[in-house]
Amino acid sequence: MTTFHLISLFPESFESYLNASIIKRAQERGLITVKHYNPRDFATTKDGKKAKTYAERRVDNRPYGGGPGMVIEALPVIKAIEKAIGKKRAGRRKEKGGKHKVKIIFFSPAGEQFSNVVADSLKKYTDIVLVCGRYEGIDARIKKAFPMEDVSVGPYVLTGGELPAMIVIDSITRRLPGVLGHGQSIEELRVASPDVYTRPEVITYKNKKLRVPRILLSGNHAKMDEWKVTRKEANKGKM
Ligand code: SAH
């Protein structure tokens, strides 16, 4: 079982995606668990009391060094991560008496590019903490509190780390044993074409007959795989 710990100011943004289809089923079947921690719940007042009002629960502040936007304060995020991992320690292989393997991921557009290879390397962890930034990001001192890896989901800047977290959860989950109905559904492990077809064999649209490529009806598996490879090549680099 893999537990994903989400550190985010906007836990509600995950709901629709994580509660649909295969990812929902993986949770129902106990293959993964998703837990939420909101840094606002760890905010304190100036005299160290638990923050209650909206204003007290604010955890963003103006950046040192100037510039626009707001930066999320380090301490509420550190406390949220602490709550998530408890006595488990990030990076440590095995705790005394425990069997937790913890990895902390810090989402940043400047991080290491996420990929199938990275997803595979993360499968071995029992606890994956996903730290989602917002605004101008999170005070970098959180990286001094715990070992963590900067991960980017692609060469573009988003408004928050929530979509990146869902990408990472989705991509790891579908690779876990038992999640996809058929082991072979993991595309990367077989010859898969970006163009796929299903019944019926012929459809009519605006008076045109649209047919399934004949080769896919041939039953010749070697030839069909060859065709799939050429489709893959032809689609490379296209948007
Ligand atoms: N000023 C920051 C960008 C902040 S974007 C910078 O230049 O690096 C706000 C947050 O969204 C980030 O803290 C990060 O958590 C998330 N984010 C935005 N784009 C991302 C991407 N491509 N990959 C991963 N996380 C991203």
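This is a predicted model: local features need pLDDT of at least 70, side-chain atom pairs count only at pLDDT 80 or more; totals for chains, interfaces and linings use all residues.
1. Strand S5 contributes the most to the shell around the ligand, with three residues. Residues are numbered from 1 along each chain as its sequence is written, and side-chain values use heavy atoms, with hydrogens and water left out.

2. The shell holds 19 residues, and Phe107, Gly133, Val153, Tyr156 and Leu158 come nearest.

3. A polar backbone atom of Gly133 is 3.0 Å from a ligand oxygen. Leu158 places a polar backbone atom 2.9 Å from a ligand nitrogen. For Gly160, a backbone N or O atom lies 3.5 Å from a ligand oxygen. A polar contact is a pair of N or O atoms within 3.5 Å.

4. The ligand alone exposes 560 Å², and the protein buries 82% of that. Areas come from the Shrake-Rupley method with a 1.4 Å probe. Strands S5 (102-113) and S7 (149-152) are the elements that give two or more residues to the shell.

5. Now helix H3. Residues 74-85 make up its 12 residues, and it reaches 17 Å from first C-alpha to last, close to the 16 Å expected at 1.5 Å a residue. The expected span is 1.5 Å times one less than the number of residues. Gly86 follows H3, with a positive phi near 50°.

How values were computed: A residue is near a molecule or strand if one of its heavy atoms lies within 4 Å of it. A polar contact is a pair of N or O atoms within 3.5 Å; within protein, one must be able to donate a hydrogen and the other to accept it, and residues adjacent in sequence count only if both atoms are side-chain atoms. Helices (H or I, at least four residues) and strands (E, at least two) are DSSP runs, numbered from the N terminus.
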